[in-house]
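Trainee: I would like to go through this model with you. Where shall we start?

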Amino acid sequence: MLELNKSGTDPVEAGRLLPTQRTGPDPATAEPVPLRPYLITGAVLCGLYFLYSYLQYSRFGSPSWDLGIFEQEVRAYADLRAPIVDIKGPGYLILGDHFSPIVALLAPLYWLWPSAESLLFAQAAFFALGAVVVGRTTQQLLGGRSGLCVTVAYGLSWGIQEAVKSDFHEIAFAVPLLALVCRALLLERYTAALLWSLPLVLVKEDLGATVAVVGFLLFVYGRRLRGALLAAFGVAAFVVTLMVLIPAASSAGTYDYWQKIDKNGEQDVSMLDSVLGVLNSADKIEMLVFLVGITAFMALRSPLTLLIVPTLGWRLLSQDSNHWGMVWHYSAILMPVLFLAMADGVRRSRDSERPWLASYAKVVVPVSVAIAVAMTQHLPLRDLLRPDSYRTDARTEAAREALKAIPVGARVETDITLMAHLTSDRTVYWIGGAPGTAPDIVAINLDFGWSRPIQDPVAYAEQLHPEARYRLKHRGGSFVVVERTTPEPAEIPGVRAS
């Protein structure tokens, strides 16, 4: 169970609730933790993450449209423009969808490397940085070789691996930030914890609630004024972002993702039903078990675990099954919290009056490593051991030929397959999501998984855009490129006249 103080009762020292029980090295007096081993391990992890991402990207295996969306956003920031993302709709201001202005920090990298690959590399580096922070902090708390062991366990954790597979997302920024917040709390550097938590409100709209929990922890650890102010700031940021900032940027004037909670398809769902249904799925229960299971359940001994509650809360309330399970990127931000909570739990348990708990605390770290390694055989990074991952197949060659048939600077309507390979130097729309634009090119992967097979790509393009006429330009394998033969419209939705 969570322990907010030293012994599980209610002791007070110097007027504050004790945050930890020091049974390992005192971080203030212990020998400095060497940085080099962690940098080397972090570099290896970064290389593995990026290699997987690069291979998936180069083989046209992006699992969603998100990489293309984020590249359009970063490209706009790099061009010093408003973050318009045409994939979401012509002229769509992305801050009206999710509030993630921190993504603008990637603009300098994009100036040097104008490709979706730069985003994938940045995410790999952020995840690896989180591993370095988690590992070094663990060694400061527990001593010995525990730090490098936890670095490996964290680096191979299913939450991080699934996020790598999901291409780039804004939560990449939150991973090292939350690791630094937890580190500061565990080392009793409370001002640092406050400062590291502030940028989280710029990562994604829901993280204001997580900042409020950081404030709560500061409050119960005895830093009451700072804790109360930070909690108030987190709540205010959460409310203002969802109720004011996003609706102001949205053409619909509202926050669209409320529907994830109050609608199941077309059926309305009351808040009471959402609350009562938080554990109504085997996927939800499996996710919860594996979240704490990767720490051998020791994370439950630390109050840091409270930091995962806001993220878990909205995911369990959501009616979207994509939010429930162990896939996609949603669990990545929970990994640094849980692994540092595990380290804190081990520290609290080493001198427990319960002999079984003290004995168990001695083996938790190697057990967590064994769990991470064992699970990896069913997780994305296992593909790096397969020779086929490094071979260019006929589908990849056909996709590359299709790209060559699409002129640089063209306005292209396409599906997920080619999307992230076009967003660096073309204007890209989602297939069927840009009525009235008469794009220059419609590029289709016939094997994409359409609800109805596309028999005649030219007729399909003209069905999408009756204002224009098209002809077949290129066909190879399952990829078809058709081009507009009629003049470009005088007015294009979402495009301002120059």
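Mentor: Start with a term. On a 1 Å grid over the protein atoms alone, a pocket is an open set of points where a 1.4 Å probe fits, with protein on both sides within 12 Å along at least five of seven lines. Lining residues have an atom within 4 Å of a point. The model is predicted: local features need pLDDT of at least 70, side-chain atom pairs 80 or more, while totals for chains, interfaces and linings use all residues. Numbering runs from 1 along each chain as its sequence is written, and side-chain values use heavy atoms, without hydrogens and water.

Trainee: How much space lies in the largest pocket?

Mentor: A volume is the space filled by probe spheres set on the grid points. For the largest pocket that comes to about 1000 Å³.

Trainee: Which residues that line the largest pocket are the closest to its centre?

Mentor: The lining has 38 residues. They divide into 17 nonpolar, 9 polar and 12 charged. Closest to the centre are His98, Lys204, Tyr257, Lys260 and His323.

Trainee: With which residue does arginine 348 form a salt bridge?

Mentor: A salt bridge puts a side-chain nitrogen of Lys or Arg within 4 Å of a carboxyl oxygen of Asp or Glu. Here the closest N and O atoms are 3.0 Å apart. Both residues sit in helix H15 (a DSSP run of H or I, at least four residues), and because they are 4 residues apart, about one helical turn separates them. The partner is aspartate 344.

Trainee: Is arginine 348 buried or exposed?

Mentor: Buried means under 20% relative accessible area, exposed over 50% (1.4 Å probe, protein chains only). Arginine 348 has 1%, so the answer is buried.

Key:
Nonpolar A, V, L, I, M, F, W, Y, C, P; charged D, E, K, R; others polar. Helix = DSSP H or I, 4+ residues; strand = E, 2+ residues; numbered from the N terminus.
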